[in-house]
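Welcome! Here is a short tour for anyone meeting this structure for the first time. Take a look at the sequence and the fold, then read on.

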Amino acid sequence: MMRKFLMSKDVMSTTSSGSLLTLSNCTQVSSDHIPFDNRKTISQLLTSYEETRCCIYATICALKIEAHWWYLGCPGCAKKVNPYLNPETEELEMDKLSCDGCETIVCSTKTRYQVHCKVLDHTGTTSFVMFDREVIQLIHKSAYELLEQQVQFNSENEFPRELLALEGREFVFIVNKPETSKNYTPSTFKVVNVTDDHAKILRFHSDDANEVKMRKTLNYHVLK
Ligand SMILES: [Zn+2]
């Protein structure tokens, strides 16, 4: 009941097509800003300490279906909203939600993606989490639309097939890596952009091939 009620207040229901258009427009611009000069393998990502934004070419090997793929976000800052507990009456107020990000009470929400996945490259595996912009870019559907569709087909407790279809696909991910220490390594990295643009993926391949060629030449000279 609670969720149906919240869903009906989703801001996407009124702005759906408009915001999607904006999102797909900015996708093309942002995918050009891929930091190709800062490429890392998964093993490098896991073993470096510095804070960085880097590029990783990897395959989504599995989606974490045990984790929720959507959440109710604040329309202002996109942080997850919580039920509002009135401090005076100490009761939950059903028509209000609180946002820790804005430190305010919000009356509408936006259903957003939060998709956890396991990724793999030739050096290892790790976990990534993708949010609204990245997932919409990949499946061309908002979280609200997908959730509504699941409810319509009575499969709201199942993991959406559209998301499962991402398994086995290769992408160039741009990942934010926080500063880490020997005692602290994050288990999940936040994806800030993603592309399956063939030209960009090919660039990764050709760069890798050049590197191998260069290494071979170097070895050859050393051996000589
Ligand atoms: Zn907020």
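Which residues in α4 are buried?

## Helix α4

Please keep in mind that this is a predicted model. In α4, the buried residues are Asp132, Glu134, Val135, Ile136, Gln137 and Leu138. That makes 6 of the 8 residues of the helix, so α4 is largely enclosed by the rest of the structure.

## The nonpolar cores

The largest nonpolar core is made of 31 residues, and Ile56, Phe128, Phe173 and Val175 have the most contacts inside it. Helices α3 (42–47), α4 (132–139) and α5 (143–152) each give two or more residues to this core, as do the strands β1 (52–63), β6 (110–121), β7 (124–131), β8 (170–177) and β9 (188–195).

Leaving aside residues up to four places away in sequence, Val175 touches Leu45, Cys54, Ile56, Phe128, Phe189, Lys190, Val191 and Val192. Another core lies apart from the largest one; it has 6 residues, including Val81, Leu97, Cys99 and Val106.

## A three-stranded sheet

Now find the open sheet of 3 strands, ordered β3-β4-β5 with antiparallel pairing. Its edge strands, β3 (81–86) and β5 (104–106), each pair on one side only. On average, neighbouring strands in this sheet are turned by 55° against each other, direction ignored.

Strand β4 (residues 91–99) pairs with β5 in the antiparallel sense over 3 bridges. Look for Ser98, which stands opposite Ile105 in β5.

Key
Residues are numbered from 1 along each chain as its sequence is written. This is a predicted model: local features need pLDDT of at least 70, side-chain atom pairs count only at pLDDT 80 or more; totals for chains, interfaces and linings use all residues. Two strands pair if DSSP finds at least two bridges between them. Helices (H or I, at least four residues) and strands (E, at least two) are DSSP runs, numbered from the N terminus. Axes are lines fitted to C-alpha atoms, for helices over the stretch in contact, and angles run from 0 to 180 degrees between N-to-C directions. A nonpolar core is a set of buried Ala, Val, Leu, Ile, Met, Phe, Trp, Tyr and Cys residues joined through C-beta atoms within 7 Å. A residue is buried if 20 or more other C-beta atoms lie within 10 Å of its own, exposed if 12 or fewer, and partly exposed in between; C-beta atoms are placed from the backbone. Two residues are in contact if their C-beta atoms, placed from the backbone, lie within 7 Å.
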